[in-house]
Amino acid sequence: MALENSLATAMAAAQGGDAAAYRRLLNACLPVIAGIARAQGVRGEAVDDVVQDTLLTIHKARASYDPARPFLPWLRAITQRRAIDRLRRAGRRPQEVHDPLAYEAHADAGPAPGMRIEADQRNAALARAVAALPDGQRQAVEQLAYAERSLEEAAALTGRSKGALKVNLHRALKALRGTLARDKEGGDV
């Protein structure tokens with residue numbers, strides 16, 4: 001309560017033009033502002049930035065302070081807003097981490113060591129299975145699935161009707177499922 005009274009009195013005097021009271025007010029506000037900023041989650045050097053931003057805001061908005069009202073809630077509101085502004089700015093910037101242990105312990109985002117080999121084996125088995133399909137089914141898979149062409153484009157390229165391509169693709173997918181399931185059970189893939 002004593003802090004509230006001394007700050008409110010100093011602010012009222014500063015509004016009246018007392019430069020010494022204004023300096024005392026700003027000096028007395030420093031630890032209060034820093035504590036509020038830390039409570040908002042601001043860390044490290046950013047606390048000093050919040051303190052400076054808050055002091056500038058106090059200087060610009062000192063005429064808006066009403067001496068009939070408590071000073072600390074006014075100061076807290078300004079500080080919290082400056083702390084939030086600082087946190088937002090910090091959140092937009094990429095942060096570089098200089099922690100060798102964290103770097104070494106971080107899991108790679110890529111595939112596990114054996115996964116690439118397995119994927120290559122699956123792709124090779126699929127290519128063999130597609131190559132073994134009858135011509136109409138193989139063309140449907142190549143045009144519609146691999147090349148991702150529309151039915152109209154595939155029909156124009158192959159000379160088959162859209163209905164024939166749909167039937168061939170359906171039969172090809174059924175045959176591929178069966179072939180790949182047998183290969184998997186047999187241990188080939």
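**Before you click**

This is a predicted model, in which local features need pLDDT of at least 70 and side-chain atom pairs count only at pLDDT 80 or more, while totals for chains, interfaces and linings use all residues. Residues are numbered from 1 along each chain as its sequence is written, and side-chain values use heavy atoms, leaving out hydrogens and water.

**Stop 1: the whole protein**

Colour by secondary structure and you will find 9 helices and 0 strands. Helices (H or I, at least four residues) and strands (E, at least two) are DSSP runs, numbered from the N terminus. Of the 189 residues, 28% are buried; buried means under 20% relative accessible area, with exposed over 50% and partly exposed in between (1.4 Å probe, protein chains only). A contact is a pair of residues with heavy atoms within 4.5 Å. Among contacts between residues at least 6 apart in sequence, 59% join residues at least 24 apart.

**Stop 2: Thr54**

Select Thr54, which sits in helix H3 (residues 45-61). Is Thr54 buried or exposed? With a relative accessibility of 0%, Thr54 counts as buried. Now show what is around Thr54: beyond its neighbours within four places in sequence, Thr54 is in contact with Ile33, Leu75, Ile78, Thr79 and Arg82. Its side chain also reaches the backbone oxygen of Val50 at 2.7 Å. That is a polar contact (a pair of N or O atoms within 3.5 Å; within protein, one must be able to donate a hydrogen and the other to accept it, and residues adjacent in sequence count only if both atoms are side-chain atoms).

**Stop 3: helix H7**

Next, select residues 135-146, which form H7. Its buried residues are Gly136, Gln137, Arg138, Ala140, Val141, Gln143 and Leu144. What covers them? The cover includes helix H6 (115-131), helix H8 (151-158) and helix H9 (162-186). Pick out Gln143, which is buried with a relative accessible area of 15%. Leaving aside neighbours within four places in sequence, Gln143 is in contact with Glu148, Arg149, Ala154, Leu157 and Thr158.

**Stop 4: helix H9**

Select H9, whose 25 residues reach 36 Å from first C-alpha to last, close to the 36 Å expected at 1.5 Å a residue. The expected span is 1.5 Å times one less than the number of residues. In H9, Leu165, Asn168, Ala172, Leu176 and Asp183 are buried.

**Stop 5**

Show H7 with H9. Their axes come within 8 Å and cross at roughly 95°; axes are lines fitted to C-alpha atoms, for helices over the stretch in contact, and angles run from 0 to 180 degrees between N-to-C directions. H7 and H9 are therefore roughly perpendicular to each other, a label for angles of 65 to 115 degrees. On the H7 side, the contact is made by Gly136, Gln137, Ala140, Val141 and Leu144; the H9 residues include Leu165, Asn168 and Ala172.

The axes of H8 and H9 come within 9 Å and cross at roughly 100°. Leu151, Glu152, Ala154, Ala155 and Thr158 of H8 make this contact with Lys162, Leu165 and Lys166 of H9.

Conventions
Parallel < 35°, antiparallel > 145°, perpendicular 65-115°, else oblique.
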